[in-house]
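Hello,

Here is the structure I promised to pass on to you. Please have a look, and then read on for what I found in it.

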Amino acid sequence: MTDTLNETMGAIGRPLRRKEDARLVTGNTNWTDNIQLPGTLHMAFLRSSIAHAKITHIDTSAAKAAEGVVHVYTGADFPGQPGSTCVWPVTDDIVLSHYPVICEDEVKYVGDVVAVVIATEKYLATDALDLIDVDYEVLPAVVDMEAALAEGSPLVHSDKGTNHCYTAPVPFGGNYAEVKAKADVVVTRRFINQRLIPTTMEPRAVVAAPMGMTDEITLWTATQVPHVLRVLLALLTGIPENNLRVVAPDVGGGFGGKLQIYREEVLAVLLAKKLGRPIKWTETRSESILTMHHGRDQIQDIEIAATSDGQILGMQVHLLADMGAYLQIITPGTPLLGMFMYSGIYKMEALDFKCTGVYTNKTPTDAYRGAGRPEATFAVERIVDELAAELGMDPMELRKKNWIKHEEFPYTTVEGLTYDTGNYEAATARALELFGMEELRAEQAVRRASGDPVQLGIGISTFTEMCGLAPSRTLGALKYVAGGWEHCTIRALPTGKIELVTGTSPHGQGHATAWSQIASDIIGVPVEDIEVIYGDTGRSPYGMDTYGSRSLAVGGQAIKAAGERLVEKARIIAAHQLEVSPDDIEFNAGTYSVKGDPEKATTIQAIAFEAFTAHNLPDGVEPTLSGEATVDPMDFSYPHGTHLAAMEVDTETGKVKLRKYVAVDDCGVQINPMIVEGQVHGGLAQGIGQAMYEGAEYDSNGNLLTASMGDYLIPSSADLPSFITDRTVTPSSTHPLGTKGIGEAGAIASTPAIVNGVVDAIRHLGVNDVLMPTSPQNVYRALQAANKGGAA
Amino acid sequence: MTHISATVDGTHRQGEVEPRLLLVHWLRENLGLVGTPIGCDTSNCGACTVLVNGKSVKSCNVLAVQIDGAEVTTIQGLASEDEWHPVQKAFKECHGLQCGFCTPGMIMASVDLLTENPNPTEEEIRDGLHGNLCRCTGYHNIVKAVSHAAAEMSGS
């Protein structure tokens, strides 16, 4: 394997080493916190330590008098100013909330902003926080979702008269009551999909500065969504959009946590404008854990109906989704992103879906890797295992009996999506081969028979997901306020170098490398001659950014279309130069030649120079050589895969060990298999993290108990094994490159695989569920409960 | 204010610092060596790992005054003028990084690990790096990179 290509064709599909890495392994980076502008003022936030309280009095006089302090602002300085907004009001009667940039009279979660100090130095800004005196009148906190909906509950937003945010009943196909009536078996479970904290390694950071030459304010911010953010900042601050430039420099991970408009971003922009100086803030990890939005947090009541021979007839899905204290960018829509995925890969006649969003006095929730789809996949893959146990069937056989067969594609699911392609048989066969299922089942039987204190379980997850957010008309029908297209401009510069401008905004995904590979194949220029430009509304004006495994699935289409337009324009110039008709020109690997006379040829680089000098262009052809495309995807894409986990459970201590993990994913055509594999690895670690280690815990007063990295356990190297991964390739038929998306697959598939494995290890002891994370405590409790005669 | 002097990435540096100033803030804010990032304030994540007299330390957990007279190596001083350190090369070769935020600390911790144990097993690598958190890679390729670097450095 090589770093660079000596030939230009065939870059797609190669595990090229990443262009990005040279900077990142030498520390020559450009994180937002690295930016030091002259005259910078630093922000520090006084945050509520109480989940719910009225602010009865604030005295900032001592803080204002402190060394280095320039200003102290409270909510009274920004009356009515929103700090975030929701772009997806999912129902007509949704109860929306006002999220103040600084709280004016009431705090609603621990971490809510009460005041902001502006000082000449970072340490001095933080010092002054201690000098602000706040009197609170403590109000009862609403922590539990079901309690929040009970009559007489204290209210998060007293002016709304309810904690009920919305209920979205979705009339999917079939009639569940009818299929339930004819079912032989109905299995009902309540699953808890616990609250998670994204925990990007780079905390959030912002620098906002008036740049002097125009009225422009530039905001550098650790975001996944510079383009979306610019529009929303303009709407929220009143600063004209054409005076705002948003730059996402090097961004250290996102996972949905940086798909947001945060009040700290809004304040930085407002204060840079007001004070005429650069404003900077970088959060501490403690702040990040408290106030970067959280993910998941659903109570899932799931019912599945089937015949006695294992034919799945239908499912009923009733969700309670914790919104937290306020709605942010897609808070209410996040659980609904999963609603199309509850039937998974299975054929069924009916699906009844309902989701209720609930306000509580906790950190707002929003998208976290997979956003709704991991929750759905967890529920369906867990309930299918429970159904198999109820029927006494092998869980893989039950899946095989019900999944969509490869010859049945395209297949329209009960939710009304049309899966274009898939081959669950092939991915499963490969996974079983890598896993060694028979040997492991034999060992499991031996351990059971001998009463070994360490039992073995096998967890299965056969999943699909929807990527490529999204066809704009579909988004409109779902009440989402924006489109789902993507943009690319490819410019051939006079020297033959290429600028590829993309609207995607990577933060670890390797777009600079992968996008160069795509363009290299299309325009015939070496990968190393292509510079990918992204993450800056000044240099890349159009884009919908990076989330939802959309960058390749949607952005890749724009690259292809832009490249083809460039090639076609150059063909006309080449034909003119070679004095033949464009129809007589062949294009191959960057060279235009005359059909039947290959000696008569020119290169795309030479054409670029001709287009620049414009001395000899055909009539009607404009100077310069570029191609531009904005593409709306025709459909979602549907990656799938089969994941298998071998879990050891110590029945005496509750300790769980992941012994072996096999993941066979099918994401269609792979542009760079090395990057694909890396995405799978990282997704697995996060999905396994949810299953085994992670969980945000609040006490009954709304205090976050897992408020440091010491308490909120993201997996370390010692907590995970090496993974066994492979891919099958079933190209998408609705995406021109045949690609589907891979960013979230690992996180979606692995959580149920792990929990199914843990339950499988101890099912014979009477356990049929274990709460996540499957910590020794939760496993031990499940064993104890079963021992007392009642399964969990 | 306290006067300190130290050799940082091969250059003699000195200055007056507040006694409470963290080493990582001295590096980043005072010396402009922003290649060493800050990932937490509780010494859990290891993103800020540097070498002090050849041993890895989390620079958010050390006061600047404590390194008076010491030799500090950051990610920006690891490569020679013409060549990356074998661990840097291995991280690229094995795709041991994605967003790259944990990478400086991960590489510095790996350099220390390989100094102490030039030929570690997978388990020893996983154990040796468990104080450095990564959220992107699942560690799979980091472990591979350290093994790869070990092989390169021992000439096998």
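**The interface between the two chains**

Arg135(B) and Glu694(A) form a salt bridge, with their closest N and O atoms 2.6 Å apart; the term means a side-chain nitrogen of Lys or Arg within 4 Å of a carboxyl oxygen of Asp or Glu. By that rule, 4 salt bridges are found across the interface of chain B and chain A.

Before going further, a word on the basis: this is a predicted model, in which local features need pLDDT of at least 70 and side-chain atom pairs count only at pLDDT 80 or more, while totals for chains, interfaces and linings use all residues. Residues are numbered from 1 along each chain as its sequence is written, chains are lettered from A and ligands numbered from 1 in the order in which they are written, and side-chain values use heavy atoms, with hydrogens and water left out.

Back at the interface, 46 residues of chain B are in contact (heavy atoms within 4.5 Å) with 54 residues of chain A. The area buried between the chains is about 4,400 Å², with carbon and sulfur atoms giving 54% of it; this is the accessible area (1.4 Å probe) that the two parts lose on being put together, summed over both.

Which helix of chain B gives the most to the side that touches chain A? That is helix 2 of chain B, with 4 residues; helices here are DSSP runs of H or I with at least four residues, strands are E runs of at least two, and both are numbered from the N terminus.

**Inside chain A**

Helix 7 of chain A (residues 263-275) has 13 residues and reaches 18 Å from first C-alpha to last, close to the 18 Å expected at 1.5 Å a residue, where the expected span is 1.5 Å times one less than the number of residues.

**Backbone details to look at**

- The peptide bond from Phe409(A) to Pro410(A) is cis, with omega near -10°.
- Met772(A) and Pro773(A) are also joined by a cis peptide bond, with omega about -5°.
- Arg296(A), in strand 13 of chain A, has a positive phi near 60° and is buried at 6% relative accessible area.
- Asp9(B), not a glycine, has a positive phi of about 50°.

Best wishes

How values were computed: Buried means under 20% relative accessible area, exposed over 50%, partly exposed in between (1.4 Å probe, protein chains only).
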